[in-house]
Amino acid sequence: MRKAELTFADLALIAGTRAMLGAGVGLLISDRLSKEQRKAVGWTLALVGAVTTIPLAINVFAKRQSE
């Protein structure tokens, strides 16, 4: 089994990026905003969430240890 010891800050960043990605996708499929607003905000949140996940994933995989 492999373990990764993460700090609270790491966990908060991971949760935040997942939330941004989810909010962006949610906005893309909702009908609350105009089409232009929805696409602009949705794509921005989705892309920021996806792009910021990459360094966090690298950090988590670097901290993994084999037991």
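L56 lies in helix α2, which spans residues 35-63. Helices here are DSSP runs of H or I with at least four residues, strands are runs of E with at least two, and both are numbered from the N terminus. The model is a predicted one, in which local features need pLDDT of at least 70 and side-chain atom pairs count only at pLDDT 80 or more, while totals for chains, interfaces and linings use all residues. Residues are numbered from 1 along each chain as its sequence is written, and side-chain values use heavy atoms, with hydrogens and water left out.

L56 has a relative accessible area of 14% and is therefore buried. Buried means under 20% relative accessible area, exposed means over 50%, and partly exposed is in between, with a 1.4 Å probe and protein chains only. Leaving aside residues up to four places away in sequence, L56 touches L13, I14 and T17. A contact of this kind means heavy atoms within 4.5 Å. L13 and L56 are 43 residues apart in sequence, yet their C-alpha atoms are 7.8 Å apart in space.

T17 counts as buried because its relative accessibility is 6%. Its contacts, again not counting residues up to four places away in sequence, are G49, T52, T53 and L56. A polar atom of the T17 side chain also lies 2.9 Å from the backbone oxygen of I14.

D10 is another residue placed in helix α1. D10 has 10% relative accessibility, so it counts as buried. Beyond residues up to four places away in sequence, D10 touches N59 and K63.

G22 is also in helix α1. With a relative accessible area of 43%, G22 is partly exposed. The C-alpha atoms of G22 and A50 are separated by 9.8 Å, and these residues are 28 apart along the chain.

V51 is found in helix α2. V51 is exposed, because its relative accessible area is 54%. From V51 to E36 the C-alpha distance is 22 Å, and the two residues are 15 apart in sequence.

The protein chain has two helices and two strands, and along the sequence they follow the pattern β-α-α-β. Its C-alpha atoms fill a box of roughly 50 × 20 × 15 Å along the principal axes. The radius of gyration of the protein chain is 15 Å, whereas a compact globule of 67 residues would have one near 11 Å. That radius is taken over C-alpha atoms, and the globule rule is 2.2 Å times the number of residues to the power 0.38.

Of the 67 residues in the protein chain, 15% are buried. Among contacts between residues at least 6 apart in sequence, 69% join residues at least 24 apart. The protein chain exposes about 5,000 Å², and carbon and sulfur atoms supply 68% of that area. Accessible areas come from the Shrake-Rupley method with a 1.4 Å probe, and for residues only the protein chains shown count as cover.

The protein chain has 9 positive and 5 negative charges, and their mean positions are 5 Å apart. Lys and Arg count as positive and Asp and Glu as negative, while His and the chain ends are not counted. Each charge is placed at NZ of Lys, CZ of Arg, CG of Asp or CD of Glu.

Notes
Polar contact = N/O pair within 3.5 Å; in protein donor to acceptor, adjacent residues only side chain to side chain.
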